[in-house]
Amino acid sequence: MMIRKTLISLIFIVILFVFIKPINSTMISVFNIADAPAVVTKGHYGTSLVVEISFSDEALLDWLKTVKEPYPLLLLDAEWIKRSPEHIKVIQERKLPTGLLGPEDSLDKPVDLAAVQKDINIYEKYLQETPLWFATRNHQYSQDLQNNLFQQQMNILSPSLIWKGEKAPKLQKGDFVFLTLHQNNKVSIKELNTFLQQNKFMSIEENIFGYKVQTKKSP
């Protein structure tokens, strides 16, 4: 009887190990946050910083080399990716989290899906993976674009707060704080570093799910 109880206990432990461990894994594959096309504008557990990048200079390269964890999510413009091999090398070596910054979209003038796919192909070529996160420059999304990205298991982000480098905003739990590093509209690296030092940020995944994960693309 004792042996039987022991065997049952061991089987129960094995079942728990097999079915529960993947849930708490530090690595997840490609996924959709929602079960239908949707734009994610907020998390639940803290605040996350998202940096849009389409402009290169030495200050940015130095920042990529020195930025500390928890890293902000970097949304990269496809044309910037092509002309910034040194920056991309640093991003890959340091395993900085990235997504794709797409063109402007709107309900009145939807973006050309072929142009978006071209940007996705560029990202995949240089980053050697499919983008998990996506945002357009104007943070608007036609239904066709949402459907297209959902089918490709890309998650659409939109800011709950945009910071333009002026006085630091008051952050609320769940916020996705976006800032831009564009040629004609960018926060300085000095301001960015100060902002990072003054606030406690977490990854997008941790903000959404409540625990830290390392996203990894399936081949």
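Helix H2 (residues 58–66) packs against H7 with the axes 10 Å apart and an angle of about 25°. That angle makes H2 roughly parallel to H7, where under 35 degrees is roughly parallel, over 145 roughly antiparallel, 65 to 115 roughly perpendicular and the rest oblique. Axes here are lines fitted to C-alpha atoms, for helices over the stretch in contact, and the angles run from 0 to 180 degrees between N-to-C directions. Helices (H or I, at least four residues) and strands (E, at least two) are DSSP runs, numbered from the N terminus.

Before going on, a word on what you're looking at: this is a predicted model, with local features needing pLDDT of at least 70 and side-chain atom pairs counting only at pLDDT 80 or more, while totals for chains, interfaces and linings use all residues. Residues are numbered from 1 along each chain as its sequence is written, and side-chain values use heavy atoms, with hydrogens and water left out.

**Around H2**

Who makes the H2 to H7 contact? On the H2 side there are Ala59, Leu60 and Trp63, and on the H7 side Ile189, Leu192, Asn193 and Leu196. A contact means heavy atoms within 4.5 Å. By class, the residues of this H2 and H7 contact split into six nonpolar, one polar and no charged. For the classes, Ala, Val, Leu, Ile, Met, Phe, Trp, Tyr, Cys and Pro are nonpolar, Asp, Glu, Lys and Arg are charged, and the others, Gly among them, are polar.

H2 also meets helix H4 (residues 85–94): their axes come within 9 Å and cross at roughly 10°. So H2 is roughly parallel to H4 too. From H2 come Leu60, Leu61, Leu64, Lys65 and Thr66, and they meet Glu86, His87, Val90, Ile91 and Arg94 of H4. The class count for H2 with H4 is five nonpolar, two polar and three charged residues. Leu60 turns up in the H7 contact and in the H4 contact.

Asp57 sits in the loop between strand E3 (48–53) and H2. Setting aside neighbours within four places in sequence, Asp57 is in contact with His87 and Lys186. His87 is also one of the H4 residues that meet H2. Asp57 and Ser84 are 27 residues apart in sequence, with 9.6 Å between them in space, C-alpha to C-alpha.

**The aromatic cluster**

Two aromatic pairs are found in the structure. Trp163 and Phe195 form one that is stacked, at 4.1 Å centre to centre with 20° between the planes. Rings of Phe, Tyr and Trp (its six-membered ring) pair if their centres lie within 6.5 Å, and planes under 30 degrees apart are stacked, over 60 edge-to-face and the rest tilted. Ring pairs tie Trp163, Phe195 and Phe201 into a cluster. Both Trp163 and Phe195 are buried, with buried meaning under 20% relative accessible area, exposed over 50% and partly exposed in between (1.4 Å probe, protein chains only).

| Residue | Relative accessibility | Class |
|---|---|---|
| Asn207 | 0% | buried |
| His139 | 17% | buried |
| Asp57 | 26% | partly exposed |
| Gln128 | 67% | exposed |

What does Asn207 touch, not counting residues up to four places away in sequence? The list is Gly43, His44, Tyr45, Gly46, Thr47, Ser48, Gly174, Asp175, Phe176 and Met202. Asn207 itself lies in helix H8 (residues 204–209).

Now the backbone. Most residues other than glycine have a negative phi, and most peptide bonds are trans. Gln128 has a positive phi of about 65° although it is not a glycine, in the loop between helix H5 (113–127) and strand E6 (133–136). His139, not a glycine either, has a positive phi of about 60°, and His139 is in the loop between E6 and helix H6 (143–151). The peptide bond from Glu69 to Pro70 is cis, with omega near -5°. Pro70 lies in the loop between H2 and strand E4 (73–77).

**The whole chain**

Zooming out, the protein chain has eight helices and ten strands. Of its 219 residues, 42% count as buried. Among contacts with a separation of 6 or more, 72% come from residues 24 or more positions apart.
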